[in-house]
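Good morning, and thank you for coming. I would like to take you through one structure, part by part.

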Amino acid sequence: MFLEKMLQSQGFGSRKHCQQLIKNGAIQIQNEVITDPKFKLDLDHLEFSVYQQTFQYREKVYIALNKPQNYECSHQSTHHFSVFDLFDDVLMNRGLQSVGRLDQDTTGLLLFTDDGQFLQALTHPKKHVPKVYQIQTVDPITDEQIQQLEQGVELRNEKGLFAATDVQRLAEHALKITVHQGVYHQVKRMLAAVGNKVERLHRAQVGQLVLNDLPEGEWLYLNEAQVVAAKNKSDDLSEV
């Protein structure tokens, strides 16, 4: 691949802008300044620098964010910050999209990508990728409510029953559940359907990808094993 095309594919702007970066001597590969836009590259394990900032070539990007409160999963947020404000222009130029959404007051694991197939694999209703949530409730959690969540509840304007699996009472007002669908406000609506209310909601896991020590508001690139884990329904856990 030509250098100018590689830079464009990585989000550094239009072809003309990338050509200008190269001609300005901004690009280094293996500590050598490259000024030829048609310089041919081997993309395997390619590292390059732009104005002395180092980058790794990535055909596609897969990102995990520990989403903080008061951020909307929208490019054009209205009342809060946008999660996309947490990424630089280079990533945004790649067409970065969130894999599903979390409400503005929900925290936890949120994935991003520019890979349409990966996005489809995690969000298509037929895929049933499990997602694990930790919930703090307004009222004490009863055995009856747990049983109702496991058996399934009806949600207004939705077809069928919505059931949770692996329901665990963590404390009097704390619950951990796994859901396999992804309808609007699903967890909050399920708790309301059994006569309780969500006070705080945190997503701890997508597929077999577990949010562990990543600080709130921080993000990282997923490696190949973590990308596979995010789509996985088995018990082979991977952490971020």
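Let me begin with a definition: contact here means heavy atoms within 4.5 Å. The structure is a predicted model, in which local features need pLDDT of at least 70 and side-chain atom pairs count only at pLDDT 80 or more, while totals for chains, interfaces and linings use all residues. Residues are numbered from 1 along each chain as its sequence is written, and side-chain values use heavy atoms, with hydrogens and water left out.

With contact defined, please look at Gly 160. Leaving aside its neighbours within four places in sequence, Gly 160 is in contact with Val 153 and Glu 154. Gly 160 sits in the loop between strand 11 (153-154) and strand 12 (161-162). Helices (H or I, at least four residues) and strands (E, at least two) are DSSP runs, numbered from the N terminus. With a relative accessibility of 45%, Gly 160 is classed as partly exposed. The terms are these: buried means under 20% relative accessible area, exposed means over 50%, and partly exposed lies in between, for a 1.4 Å probe and protein chains only. Between the C-alpha atoms of Gly 160 and Ser 9, which are 151 residues apart along the chain, the separation is 43 Å.

I turn to the overall division. The protein is split into domain 1 (1-54), domain 2 (60-123 + 206-229) and domain 3 (129-204), with bounds that come from an automatic or database domain assignment. Taken over C-alpha atoms, the centres of domain 1 and domain 3 are 49 Å apart.

Next, strand 10. How many of the 7 residues of strand 10 are buried? The number is 5, so strand 10 (residues 131-137) is largely enclosed by the rest of the structure. Two strands are said to pair if DSSP finds at least two bridges between them. Strand 10 runs antiparallel to strand 14 (residues 174-179), and 6 bridges join them. In that pairing, Ile 135 stands opposite Leu 175 of strand 14. Strand 10 also pairs with strand 15 (residues 198-206), in the antiparallel sense and over 7 bridges. There, Tyr 133 has Arg 203 of strand 15 as its bridge partner.

Now to the charged side chains. A salt bridge is a side-chain nitrogen of Lys or Arg within 4 Å of a carboxyl oxygen of Asp or Glu. By this rule, the count is 7 salt bridges. One of them joins Arg 94 and Asp 114, whose closest N and O atoms are 2.9 Å apart. Arg 94 lies in the loop between helix 3 (89-92) and strand 8 (97-98), and Asp 114 in the loop between strand 9 (106-113) and helix 4 (116-123), so this pair ties together parts that are 20 residues apart in sequence. Arg 94 is buried, at 13% relative accessible area, and Asp 114 is buried as well, at 14%.

Another salt bridge links Lys 188 with Asp 103, the closest N and O atoms being 3.1 Å apart. Lys 188 belongs to helix 6 (residues 186-193) and Asp 103 to the loop between strand 8 and strand 9, so parts 85 residues apart in sequence are tied together. Lys 188 is partly exposed, with a relative accessible area of 23%.

Asp 143 and Arg 169 also meet through their side chains in a salt bridge, at 2.6 Å from N to O. Asp 143 lies in helix 5 (residues 143-151) and Arg 169 in strand 13 (residues 165-171), so the pair connects parts that are 26 residues apart in sequence. Asp 143 is exposed, at 57% relative accessibility, whereas Arg 169 is partly exposed, at 37%.

What of backbone angles? Most residues other than glycine have a negative phi. Tyr 51, however, has a positive phi, near 50°. Tyr 51 is found in the loop between strand 3 (47-50) and strand 4 (53-56), and is exposed, with a relative accessible area of 54%. Asn 70 has a positive phi too, near 65°. Asn 70 lies in the loop between strand 5 (62-67) and strand 6 (71-72), and counts as partly exposed at 39% relative accessibility.

I close with the cysteines. How many disulfides does a search of the whole structure find? The search finds 0 disulfides, a disulfide being a pair of cysteine sulfur atoms within 2.5 Å. Cys 18 is buried, with a relative accessible area of 0%, and Cys 73 is buried at 5%.
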